[in-house]
Amino acid sequence: MKLTSIFMIKVATIWTMVLLALSATAQGRLTRESIELSQAGQHEKAREKIELAIASGEGMDPLTWYVKAYVLKSIFVEQEGRHPDSQSRTESIAAAMESARLDPEGRVAARREPLLSFLADTHLEDANHALAMSQPGDAHLSRDHFDAYVRINQHLQPNWDATPDAVLLEQQLAEYAFVQAETQEQAQAGPWFKWGQVCYQNAIAQRHDAFRSEYNLAVHTYNQGVRQFKTAEDDLDAVDTALKMAAVLWAEAAEGLESAIALDPKQRNGYEALTIVSEALLNQDRIAWCKANLAELGKR
């Protein structure tokens with residue numbers, strides 16, 4: 001709690017300093033009045049004033065639109081507590097984008113870009129927080145916030161690559177799904193398990209951090225097979241069927257681990273995990289191959 005409070009005080013201090021600088025450079029009377037109201041903490045009145053400014057000739061000034069973005073950002077942070085469904089944040093981003101459109105020379109860029117970066121980061125935080133609200137086949141809350149984060153960053157840097165963050169989001173969704181599969185569906189590979197597979201496959205398809213995704217997916221697939229087999233251990237009539245179903249998952253896990261090893265043959269954990277899976281499948285040749293590679297890595 002203390003760390004959060006100190007952070008918010010520092011952020012508020014920075015924005016206040018920006019506001020003081022703005023009041024000295026604002027061109028329009030209504031815009032200056034909006035700044036003064038916001039500086040005094042009267043954000044709703046500041047919002048009303050800046051709307052009047054925009055409706056007047058001051059609406060052609062990119063600084064006026066930046067002030068609107070600033071006022072709405074203040075409402076989002078100070079009055080709404082950074083609520084993930086904030087309309088004020090959405091409008092603040094739109095106002096900042098309009099400021100950019102009216103400012104091809106970048107006269108207000110030094111002020112506008114930190115504000116947009118801050119708002120982008122809040123969307124990324126909300127994307128992470130919304131992971132726990134995802135359901136099999138549906139992670140629209142996380143992805144909507146992530147898409148907003150991407151749009152802002154690509155506006156700020158047209159060549160910005162979203163792939164690393166996009167892959168991380170899919171990996172996090174997959175891990176959440178597999179935790180749910182373990183705690184809620186120990187008897188079968190149900191919707192949560194299948195959803196975890198889909199999310200890791202989405203990550204793999206983006207060809208970034210692929211070893212981690214392939215390896216983790218394979219390990220979770222193996223573990224799901226183990227859980228299914230153990231569930232049927234006390235039921236002699238079901239044990240043969242359970243073993244066959246588990247063997248299908250273990251074969252998938254072995255294939256995934258082989259793909260992971262192909263991506264990075266120097267990772268010991270790939271061979272170690274494949275050894276365990278191969279023991280479950282009684283694949284002595286593959287066990288020997290893994291041990292030979294582990295021995296070779298040990299010499300380096």
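Helix 2 (residues 29-39) and helix 4 (residues 62-79) have axes that come within 10 Å and cross at roughly 20 degrees, in a predicted model where local features need pLDDT of at least 70, side-chain atom pairs count only at pLDDT 80 or more, and totals for chains, interfaces and linings use all residues. Residues are numbered from 1 along each chain as its sequence is written, and side-chain values use heavy atoms, with hydrogens and water left out. Helices are DSSP runs of H or I with at least four residues, numbered from the N terminus.

**Helix 2 with helix 4**

- Helix 2 and helix 4 are therefore roughly parallel to each other, a term for angles under 35 degrees, where angles run from 0 to 180 degrees between N-to-C directions and axes are lines fitted to C-alpha atoms over the stretch in contact.
- The crossing of helix 2 past helix 4 is left-handed, that is, the near helix is turned anticlockwise from the far one by less than a right angle.
- Thr31, Ser34, Ile35 and Ser38 of helix 2 meet Thr64, Val67, Tyr70, Val71 and Ser74 of helix 4, contact being heavy atoms within 4.5 Å.
- The residues of this contact divide into four nonpolar, five polar and no charged, where Ala, Val, Leu, Ile, Met, Phe, Trp, Tyr, Cys and Pro count as nonpolar, Asp, Glu, Lys and Arg as charged, and the others, Gly among them, as polar.

**Helix 6 with helix 7**

- Helix 6 (residues 109-129) packs with helix 7 at an angle of about 160 degrees, and their axes are 8 Å apart.
- That angle makes helix 6 roughly antiparallel to helix 7, the term for angles over 145 degrees.
- Helix 6 also passes helix 7 in a left-handed crossing, and the residues of their contact comprise ten nonpolar, six polar and three charged.

**Pockets**

- The largest pocket holds about 220 Å³ of space; a pocket is an open set of points on a 1 Å grid where a 1.4 Å probe fits, with protein on both sides within 12 Å along at least five of seven lines, and lining residues have an atom within 4 Å of a point.
- Its lining has 15 residues, of which Thr90, His123, Asp144, Ala148 and Arg151 lie nearest the centre, and helix 7 gives the most to this lining, with six residues.
- The second largest pocket holds about 170 Å³ of space, and helix 11 supplies the largest share of its lining, five residues.
- By class, the lining of the second largest pocket has three nonpolar, five polar and three charged residues.

Terms used:
Grid points are joined across faces, edges and corners, and a volume is the space filled by probe spheres set on the points. Helices (H or I, at least four residues) and strands (E, at least two) are DSSP runs, numbered from the N terminus. Angles under 35 degrees count as roughly parallel, over 145 as roughly antiparallel, 65 to 115 as roughly perpendicular and the rest as oblique.
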